Amino acid sequence: MKKTPCVGAAAIALSALLLFAGCGKKSPILLQDSIDRITKSETNVEVLRSWVMTGANADVLIHIDTSDDMRVFPPNYAETMKNSADHLKRKNVAVLDQIAGLVESGGTINLGYGAGLYKRVIWVLPATVPVGASPVETFKKILYQKRPYTKADLADLTADGTCVQGTIGGVPVTVTRLEDLRIGPEETAIVDIDLAFFLGLKSQDPDGRMGTRVLIDMLRALKRKQIATAQVSINLASVGGAVPYDIRFFGAVIGEIVSNPGMLDGALPQKYEMMIE
């Protein structure tokens, strides 16, 4: 694929609250304007289901997570994946019940892309230094350890000093940290926040406390990005113990602040101040 600068990017059961915004309106700016298209889910498959059910097509998926949630499917699954994506294009989400076991651990983002929900993906990692600052082979090595990728699968990934760009499983992707996140001024995004991201932050600061302050700082950094947003999905990721229950309340905080972003500008409600550390 043709590479684009990191800052410009190429034309760059479901526990969901599905409150639909009006048609034909300009997309609200995340954490500046109130957003009511918010979903909360427990699994990756439920997150994908929510994207389809809301009909929140966008230019970009901003996937904030420690995991890529992608997969290169073997040839014998190619037809199954294509048919499944075609079903999702028609909003036939029942197909997800049939393939959930196949895609839950990796592949939901590929399916969303195949269904035309977004044109590219920005994968935001909880990194303290630019993702593209190290040689790209270092990043590839990490992916090889996480997934059964081959060298050919990741052949066109490149690092530009700030981000890593290329394709994974045929999906155009930019890998970055939150500080370096950029989308085009005319692009809209589905913003997907997996609570596992905060476990990644914790791993960078083992002595730090995982309280509301960490979450608020992250949301304020996200607000500065001025992202026109079609939907916000929150993956609580508690099924199977992926995310401990002691930070599950982060999902409720995110949802409340996204719908009422003025909370970031003043004093937090007492219930959150009590959990600030």
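This is a predicted model: local features need pLDDT of at least 70, side-chain atom pairs count only at pLDDT 80 or more; totals for chains, interfaces and linings use all residues.
Two strands count as paired if DSSP finds at least two bridges between them.

E4 and strand E7 (residues 171-177) run parallel and are joined by five bridges. To find your place along this pairing, look at Val 121, whose bridge partner in E7 is Val 173. E4 also pairs with strand E3 (residues 60-64), again in the parallel sense and over five bridges.

How many of the six residues of E4 are buried? Six of the six are, so the strand is largely enclosed by the rest of the structure.

Part of the surroundings of E4 comes from helix H6 (residues 196-204), whose buried residues pack against E4. They also pack against E3, strand E8 (188-194), helix H7 (212-223) and helix H8 (249-259). The buried residues in question are Ala 196, Phe 197, Phe 198 and Gly 200.

Is Val 131 buried or exposed? Its relative accessibility is 12%, and because buried means under 20%, Val 131 counts as buried. Leaving out residues up to four places away in sequence, Val 131 touches Leu 125, Phe 139, Thr 162, Val 164, Val 175, Thr 176 and Arg 177. With Arg 177 the sequence separation is 46 residues, yet the C-alpha atoms of Val 131 and Arg 177 are 6.4 Å apart.

Our last stop is a pair of helices, H2 (residues 78-89) and H3 (residues 95-103). Their axes come within 11 Å and cross at roughly 135°. Angles over 145 degrees would count as roughly antiparallel, so H2 and H3 are instead oblique to each other. The crossing of H2 and H3 is left-handed. On the H2 side, the contact is made by Thr 80, Met 81, Ser 84, His 87 and Leu 88, and H3 contributes Val 95, Leu 96, Ile 99, Leu 102 and Val 103. Sorted by class, this contact has seven nonpolar residues, three polar ones and no charged ones.

Conventions:
Residues are numbered from 1 along each chain as its sequence is written. Side-chain values use heavy atoms; hydrogens and water are left out. Axes are lines fitted to C-alpha atoms, for helices over the stretch in contact, and angles run from 0 to 180 degrees between N-to-C directions. Helices (H or I, at least four residues) and strands (E, at least two) are DSSP runs, numbered from the N terminus. Angles under 35 degrees count as roughly parallel, over 145 as roughly antiparallel, 65 to 115 as roughly perpendicular and the rest as oblique. A crossing is left-handed if the near helix is turned anticlockwise from the far one by less than a right angle, and right-handed if clockwise. Contact means heavy atoms within 4.5 Å. Ala, Val, Leu, Ile, Met, Phe, Trp, Tyr, Cys and Pro count as nonpolar, Asp, Glu, Lys and Arg as charged, and the others, Gly among them, as polar. Buried means under 20% relative accessible area, exposed over 50%, partly exposed in between (1.4 Å probe, protein chains only).
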